[in-house]
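These are my notebook entries on one structure, set down in the order in which I looked things up.

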Amino acid sequence: MNHVAPFSEKLTKKMNNFRNYAHPIKLGQISFDSKLLLAPMAGICNIPYRLLMEDLGAGGTVSELISCHGINYGNERTLEMLKIHPLERNVGIQLFGEDPDSMARAAEVAESFGPKFLDINMGCPVAKVVTKGGGSALMKEVQSLAPLFEKMRSKMKIPLSIKIRTGWDGNTRNALEVIKIAQDSGIEWVAIHGRTRTQQYTGLADWDFIENLNQEKKIPLIGNGDLHHPFGVSERLQKTQCDALMIARGALRNPFIFLESLDPDYASTKRSIFLGEDYWEVIKRLRQYCEETFKEERTILVQLRKLVVWFAAGFPHAASFRSQIFASQVLQDCMNISEDYFLSLGSSQKFINYDEVFMSSGHG
Ligand SMILES: Cc1cc2nc3c(=O)[nH]c(=O)nc-3n(C[C@H](O)[C@H](O)[C@H](O)COP(=O)(O)O)c2cc1C
């Protein structure tokens with residue numbers, strides 16, 4: 001990836017408006033470029049998307065969840081998911097599984113791919129994962145956590161973090177108990193999505209609950225949930241006691257969210273300086289990253305189609321753009337349609353109804 005085309009001077013200048021506000025932080029032993037990190041998302045947080053988000057200001061990134069059993073069986077597709085690009089600066093790999101031996105063996109393999117840290121998925125609500133005891137089901141078995149953490153750490157040299165939910169359900173919001181076990185077992189930081197497992201993606205992330213944890217925790221805490229637009233992120237940044245924030249879905253509809261949220265005066269205007277032409281530059285770069293990562297044109301097409309459609313959300317005529325994109329069967333058609341659409345937007349602003357549900361399923 002020596003020859004990534006630079007962004008235009010115009011876009012670079014716009015992005016640089018925000019870079020002065022980004023301060024490097026340290027979570028435990030690991031430094032990140034800013035307090036705003038990209039949260040793990042299955043099917044999305046692969047090399048191209050992670051690289052792009054780092055280019056656009058994400059302080060760090062995490063891979064999608066990767067099965068410890070897939071790694072231990074030497075499954076080719078799973079091992080492919082562990083790969084990291086040399087240009088990735090601050091990336092972690094997230095593992096899921098349940099038993100300490102399998103997780104520890106997988107951790108050793110994952111570490112050899114060169115991430116800065118490993119993370120355990122303790123938030124996935126999906127039945128296929130929790131029925132086997134992984135994901136958020138780990139929060140129900142608190143007595144098994146210290147042995148799991150210690151076994152994994154005994155095989156690792158890099159830091160280990162966890163990503164949890166507030167608890168299994170409304171009656172068992174035991175995040176604080178889990179955090180205390182984590183800090184006693186040498187876990188580097190905890191990221192928390194402010195919902196229970198039974199809530200899945202319904203209701204709102206409980207930020208009062210998250211902020212209260214900050215009174216008691218001794219290791220860094222990363223808050224996550226419903227940080228969908230720069231204004232909301234910026235407001236949370238001003239008042240949070242969390243050491244960092246993670247953004248997932250917000251980065252799908254607004255890839256500039258990591259930068260735009262940093263300047264509170266700008267964010268409060270709720271207008272964006274990033275226009276259709278800027279999105280088009282971002283898409284061209286994403287294509288390049290995809291082409292260097294994936295061999296099959298079909299895989300590149302599938303990746304690009306879903307991302308360009310999310311990027312269009314809220315712009316005029318986004319629905320008809322979406323139909324055209326999903327009808328495109330060839331990469332070049334997808335690019336041509338995107339170019340025509342994003343360049344035709346001129347100075348149009350996005351209007352998104354953030355009260356409407358957007359992507360109400362995921363793995364954490
Ligand atoms: C499509 C999708 C896939 C996800 N995959 C993962 C995952 O692999 N690991 C994980 O810990 N969380 C996963 N999550 C959860 C997010 O990291 C995040 O905790 C959740 O979406 C709430 O944050 P948000 O409101 O900023 O989206 C996923 C979420 C979505 C929407």
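I began with terms: two strands pair if DSSP finds at least two bridges between them, and helices (H or I, at least four residues) and strands (E, at least two) are DSSP runs numbered from the N terminus. The model is predicted, so I note the limits: local features need pLDDT of at least 70, side-chain atom pairs count only at pLDDT 80 or more, and totals for chains, interfaces and linings use all residues. Residues are numbered from 1 along each chain as its sequence is written, and side-chain values use heavy atoms, with hydrogens and water left out.

Entry 1, the sheet. I looked up the strand order and found an open sheet of 8 strands, β3-β10-β9-β8-β7-β6-β5-β4, with parallel pairing. β3 (36–38) and β4 (61–67) stand at the edges with a single partner strand each, so one side of each has no neighbour in the sheet. Neighbouring strands are turned by 30° against each other on average, direction ignored; axes are lines fitted to C-alpha atoms, for helices over the stretch in contact, and angles run from 0 to 180 degrees between N-to-C directions.

I then examined β9 (residues 221–224) and β10 (residues 244–247), which run parallel and are joined by 3 bridges. In this pair, I222 stands opposite A244 of β10.

Contact here means heavy atoms within 4.5 Å. Helix α5 (residues 100–111) lies across β5 (91–96) and β6 (117–122), at about 155° to β5.

Which residues come nearest to the ligand? Of the 24 residues around the ligand, they are P40, Q94, N224, D226 and R249; a residue counts as near if one of its heavy atoms lies within 4 Å. I also looked for polar contacts (pairs of N or O atoms within 3.5 Å). A polar backbone atom of A42 is 2.8 Å from a nitrogen atom of the ligand, and a side-chain N or O atom of K163 is 2.8 Å from a ligand oxygen atom. The protein covers 98% of the 610 Å² of accessible area that the ligand has on its own, by the Shrake-Rupley method with a 1.4 Å probe.

I located G362 in the segment after α17 (331–344). Its C-alpha atom is separated by 8.3 Å from that of Q200, 162 residues apart along the chain. Leaving aside neighbours within four places in sequence, G362 is in contact with P125, V126 and Y201.

Technical notes:
A polar contact is a pair of N or O atoms within 3.5 Å; within protein, one must be able to donate a hydrogen and the other to accept it, and residues adjacent in sequence count only if both atoms are side-chain atoms.
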